[in-house]
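Open the model in your viewer and keep the selection tool at hand. The tour below goes from one selection to the next.

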Amino acid sequence: MKRFLQEQGIIFPSLRRQSERLEKLTGVKAQFIDCCRDNCIAFTGEYADKAECPYCQQDRFQDPDHKKPWKTALYIPLVPRLRLQYRNAARAEVLTGYRQSLEQSESGTEVRDFFDGKLFRDFHRRELGLFGDPHDVALHLSLDGVQLTNMSNYEVTPVIYINLNLPPQERYKVNNILAGMLIPGPKKPKVLDTFLRPLVDELLQLGNGVSAVDGRNCVEFRLPAWVTMVTGDGPALAEAIGMKRPGNAVRPCRTCMIRAEKGSRIYYVPHSGYDFENPPLRSDVRRWIKLVEEGDSDDHRKETGITRSSILLELQSLHFTRSFPVDIMHLVLQNITPTLFKLWNRTKLAVDKSSHANFQVRRYHLDDEAVETISSALSDARANIPTYLGHAPRRIDNHHKGYKAAEWEAWLTLFGVPLLDQRLDDQCVDNFRILSRIYTIATQHSIALADVGVLDALVVQFVRSYEQIYLYSGESNKDPQRLPVCSVNVHYLLHLPAYIRDCGPARYWWQFPMERFCGVIKPKARSKSRLGTSLANAIVLTERLNHAMFIGYSDDTAAQSLAYPALKGGYTARLAPYQRTRLERICGDVDLQDVRFYKRCRLRDDLTVGSAASKGRADISRSDSRICYTGENNEMRFGAVHFFIQVVSTYEQVQQLAWISQLEDIDIDREKRVATFGREGSRTWVGVASIISLIGILKHENVNIIVTDVDLFK
Ligand SMILES: [Zn+2]
Ligand SMILES: [Zn+2]
């Protein structure tokens, strides 16, 4: 980046000067919006001229003469950044090309992205008549309350945009995420709408279109941009839509009218009497909100779960409530999956503690020995799970409270099912297996419509068996002490297939990009005494740096597309005679002079396969050389790579091959969704192009379990 900027004649004397100079070049400006010291409101809209907070009566200014506020929220206008991006020819090509190519290659049998969803087709295109021009930008808005430090309760609320015009492999990269706002901490904002005011105002302006220049032909055009989808954590989003928080609401679901039951203090959502076939979907929500607002009656609020009209309602491109799918990361990974584990280790329900008066041994209790065995298997597998498949697994008994979403994902999709098999009651494992399948199908890059149909059945099956096991637990009457297992999250799972039909695969609206964004900004909060301010400055500087690459009208910033697979890490070696003989069976006569040796193979942007040759002798790092690949008859096979070669065959064809040990005695149990192998066996050559992904190994009581991100059980 620095070199690039220097080529443009930009030299930096200091960080501050650098940021100022970048501001001039990129047009990325920061606005600081006065807000209440306790985060009740931002001084916008009807409060713009107030000198004190209407809620807590604290002064707005610490220096009224110079109008110096106590506290500000950061707002970064979007228009200059979109304009700058369009002025870059290469970027303009990407921004206009992706959606078009997607629409032109439509097969009608799968959902590949947001633009294949019904929401975009039926609502944005047909009903509203938007997105007629390839320039038009679709944005996904995401907001989340995040803890800034582990030490103090300091929560900030970032608001980010994801530009859906970029292809998925680009749009979630941190440097392509557009920071919109930073609402300071330490407390949550009380009236979120007042903070969102400048953002909504700018989006209204963008909805009408602003003038911009297309760098490819330097012609001016009207550039509209619309937010089509909003996601966030449950409480933040309920607040943004103007609904009661789940737990306080009789109608806690934003998609349907299910009625909650009150537990000792809060509301839960059991499905007794719920019509799974024809759920009581909410309709006409915009009208309902209006009625609530006009009627101003508490009964109305209670019956609808809607508390007030939200500022987001001003954006016509948002469908209430189909534009607000429930994020699968919070839903499944941070909620249902940990809840299940807590039920098994008896820390979820008071009635499951052995000291409780009504304690009874339940079939879903996991005994201490089982928890110990499972945890050891996880920690022993650290070196055998490639980094590509995620974090090195940690013991679930000691660490589950600190598990990150990605660790729960690995537990749900890779480790949990095979490790629980035969340790936990069969019906409970079955239920967990269904959840694992739901998650795996829902988060594919592209989902066949037939698979969405499978999901329809799976979610109902999951919720029914979940309540059977954990709510009723054998008895026909539900036990009020067990009501806490029925959180609204379990209920939301029922709407997952509809969200996918509407908004595309769940990975295109989950909250992982927000997590990644926070992971990048958190370390930038340097000044502990002025956490909010130092963070705001860092975010602005990052936005400027991210946009510096679009300066100028040339298209030489276009990313070079690499050809994969690509062999890396060349070294000198010789083939043994039997390796050569086998090679000649594939390639014909081979001149040994032409054989080049490599240690690694880059399969895709995010996946590099290593080999025994790439691992140092005393290397204890995590294995990345075990693979799954397709055999001659398209069957799934597994192996461990020793090294890679590139060779020119008799017919002048360049061949890339891997010398591997095959894993033998493979057993794939499709019903139980467990795959195992017996031993490492004979050696052979396989074409690099047949490699699909990396695998990891879990050793559990002398059984070698294969784990991978490829669905082996189809
Ligand atoms: Zn206040
Ligand atoms: Zn519902």
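This is a predicted model: local features need pLDDT of at least 70, side-chain atom pairs count only at pLDDT 80 or more; totals for chains, interfaces and linings use all residues.

**Stop 1: the zinc ion (ligand 1)**

Select the zinc ion (ligand 1) together with Cys-36, Cys-40, Cys-53 and Cys-56. The SG atoms of these four residues coordinate the metal at 2.2 to 2.3 Å. Angles among the four donor atoms run from 105 to 116°, and the site is tetrahedral. For four tetrahedral donors the ideal angle is 109.5 degrees. Along the chain, the donors of the zinc ion (ligand 1) are spaced as C-x3-C-x12-C-x2-C. Cys-40 and Cys-56 both sit in the loop between β1 (31-35) and β2 (61-63), so this pair ties together parts 16 residues apart in sequence. Colour by accessibility here: Cys-40 counts as buried at 3% relative accessibility, whereas Cys-56 is partly exposed at 26%.

**Stop 2: the zinc ion (ligand 2)**

Move to the zinc ion (ligand 2). Which residues coordinate the zinc ion (ligand 2)? Its donors are Cys-253 (SG), Cys-256 (SG), His-491 (NE2) and His-495 (NE2), at 2.0 to 2.2 Å. The four donor atoms subtend angles of 102 to 122°, which makes this arrangement tetrahedral. The spacing of the donors along the chain is C-x2-C-x234-H-x3-H. Cys-253 and His-495 are both buried.

**Stop 3**

Select residues 368-380, which form α12. The 13 residues of α12 should span 18 Å at 1.5 Å a residue, and the end C-alpha atoms are 18 Å apart, which agrees. Buried residues of α12 include Ala-370, Val-371, Ile-374 and Leu-378. The buried residues of this helix pack against α13, α14 and β25 (691-700).

Now show the side chains of Glu-372 and Arg-395, which meet in a salt bridge of 2.9 Å, N to O. Glu-372 belongs to α12 and Arg-395 to the loop between α12 and α13 (396-399), so the bridge ties together parts that are 23 residues apart in sequence.

**Stop 4: helix α14**

Go on to α14, residues 405-420. A straight helix of 16 residues would span 22 Å at 1.5 Å a residue, but the end C-alpha atoms of α14 span only 20 Å. Centre the view on Leu-412, where α14 bends by about 50°. Of the 16 residues in α14, 13 are buried, so the helix is largely enclosed by the rest of the structure. Gln-422, which follows α14, has a positive phi, near 70°.

**Stop 5**

How many salt bridges does a search of the whole structure find? The search finds 32.

Select Arg-580 and Glu-584 for one of them, with the closest N and O atoms 3.2 Å apart. Both lie in helix α21 (residues 577-587), four residues apart, about one turn of the helix. Glu-584 counts as partly exposed at 26% relative accessibility, and Arg-580 counts as partly exposed at 32%.

Next select Arg-673 and Asp-711, whose closest N and O atoms are 3.6 Å apart in a salt bridge. Arg-673 lies in the loop between β22 (667-669) and β23 (674-677), and Asp-711 in the segment after β26 (703-708), so the pair ties together parts that are 38 residues apart in sequence. Arg-673 counts as buried at 12% relative accessibility, and Asp-711 is partly exposed at 25%. Then select Glu-106, Arg-112, Asp-116 and Arg-121, which salt bridges with shared partners join into one network.

**Stop 6: Arg-544**

Finish at Arg-544, in helix α20 (residues 531-548). This arginine is buried, with a relative accessible area of 7%. Show what surrounds Arg-544: beyond its neighbours within four places in sequence, it is in contact with Ser-19, Leu-22, Glu-23, Thr-26, Val-28, Lys-29 and Ala-30.

Definitions and conventions: Residues are numbered from 1 along each chain as its sequence is written. Chains are lettered from A and ligands numbered from 1 in the order in which they are written. Side-chain values use heavy atoms; hydrogens and water are left out. Helices (H or I, at least four residues) and strands (E, at least two) are DSSP runs, numbered from the N terminus. Buried means under 20% relative accessible area, exposed over 50%, partly exposed in between (1.4 Å probe, protein chains only). Contact means heavy atoms within 4.5 Å. Donors are N, O and S atoms within 2.8 Å of the metal (3.2 Å for Na, K and Ca); water is not among the atoms, so sites may look incomplete. Four donors count as tetrahedral if all angles lie between 85 and 135 degrees; four count as square planar and six as octahedral if opposite donors are over 155 degrees apart and all others between 65 and 115; anything else is irregular. The expected span of a helix is 1.5 Å times one less than its number of residues. The bend at a residue is the angle between axes fitted to the seven residues ending there and the seven starting there. A salt bridge is a side-chain nitrogen of Lys or Arg within 4 Å of a carboxyl oxygen of Asp or Glu.
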